[in-house]
Amino acid sequence: MSDDEAAETNTSTEPVDNAWAMKIPAFKQEDNPHGMVEESSFATLFPKYRERYLKEVWPLVEQCLAEHHLRAELDLMEGSMVVRTSRKTWDPYIIIKARDMIKLMARSVPFEQAKRVLQDDIGCDIIKIGNLVHKKEKFVKRRQRLIGPNGATLKSIELLTDCYVLVQGNTVSALGPYKGLQQVRDIVLETMNNVHPIYNIKALMIKRELMKDPRLASEDWSRFLPKFKNKNISKRKQPKVKKQKKEYTPFPPSQPESKVDKQLASGEYFLNQEQKQAKRNQERTEKQKEAAKRQDERRNKDFVPPTEEAASSSRKRERDDASSSKVDVKALKAKLIRANKKARS
């Protein structure tokens, strides 16, 4: 790093408009000539099904890490991978990069992709999605939605973000530039929260086209981006007749009257056995009389003659109309005679 560059990075305290456009100076061996003071190491476990692959590519892993003066160990008995610094290691952050590389390899990322993490402008992000959805069926559907038919959705995400994305089990491993990693994380989290990834993919495509136009650089892009409306419609069948809830009262309902209470209210409780039997017989006979009366009324209903009030009133009205419409012949004859006399004169 030159003196002018160091002066610029140390003295500039003004806000940056576009931090992604800044060029980070490279860290070289001359910047740390004394190397590392102590040894650092990281270990990670890997599943049983990765053992065969790791055993085949481990010589390449050792060769790749040896370029950065790191040592790598593969323990097949414990099922672990270990990376360590050496006396010649001069980059303090390379051990963190090596740790990320073995973590990605343990999560089924191939070595050809995982070794890219050792570059300065490449990072990785392991997104845990297992605890975002509680129901297993929903989790599997949303994870498959992220992959898409024949992996088409995942491939489009990789092309738009310039990242390598691998969906494996309860995690999503992403590898690429830091800006693309942020976009991948947003897409994955929103997909698991029931937002289809096509909305974010369309938004990324629109942003990529808008970036080419310098006139829209200082404008708001929200009017161009697609908007997602969450339609959370309940599929539970509603009853046709809904029972209205009663008003809440702090007092409990009154206790229903028992048989003894009813007898006390009517005075039957204090009667002896003979009086009770006599009362029951009397009630029975009254009920029988009422039932017999209703039965007789129903039988005699067909023999009751109909009332003729309506017919007599209609006949009377007809007679009145006939009498009112009767013509006076004498008056009409005199009227005709007078008219003939006038006509002759």
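Visitor: How many bridges join strand 4 (residues 123–128) to strand 6, and do they run parallel or antiparallel?

Guide: Six bridges join strand 4 to strand 6, and the two run antiparallel, where strands are DSSP E runs of at least two residues and helices H or I runs of at least four, numbered from the N terminus, and two strands pair if DSSP finds at least two bridges between them. In this pairing G123 stands opposite G176. This is a predicted model, in which local features need pLDDT of at least 70 and side-chain atom pairs count only at pLDDT 80 or more, while totals for chains, interfaces and linings use all residues. Residues are numbered from 1 along each chain as its sequence is written, and side-chain values use heavy atoms, with hydrogens and water left out.

Visitor: Which strand do five bridges join to strand 6?

Guide: That is strand 5 (residues 164–168), which runs antiparallel to strand 6, with Y164 opposite L175. Strand 5 and strand 6 form a hairpin with two residues between them, and G169 in the turn has a positive phi of about 65°.

Visitor: Are the residues of strand 6 buried or exposed?

Guide: Six of the six residues of strand 6 (residues 171–176) are buried, so the strand is largely enclosed by the rest of the structure; buried means under 20% relative accessible area, exposed over 50% and partly exposed in between, with a 1.4 Å probe and protein chains only. T171, S173 and L175 point one way, and V172, A174 and G176 the other way.
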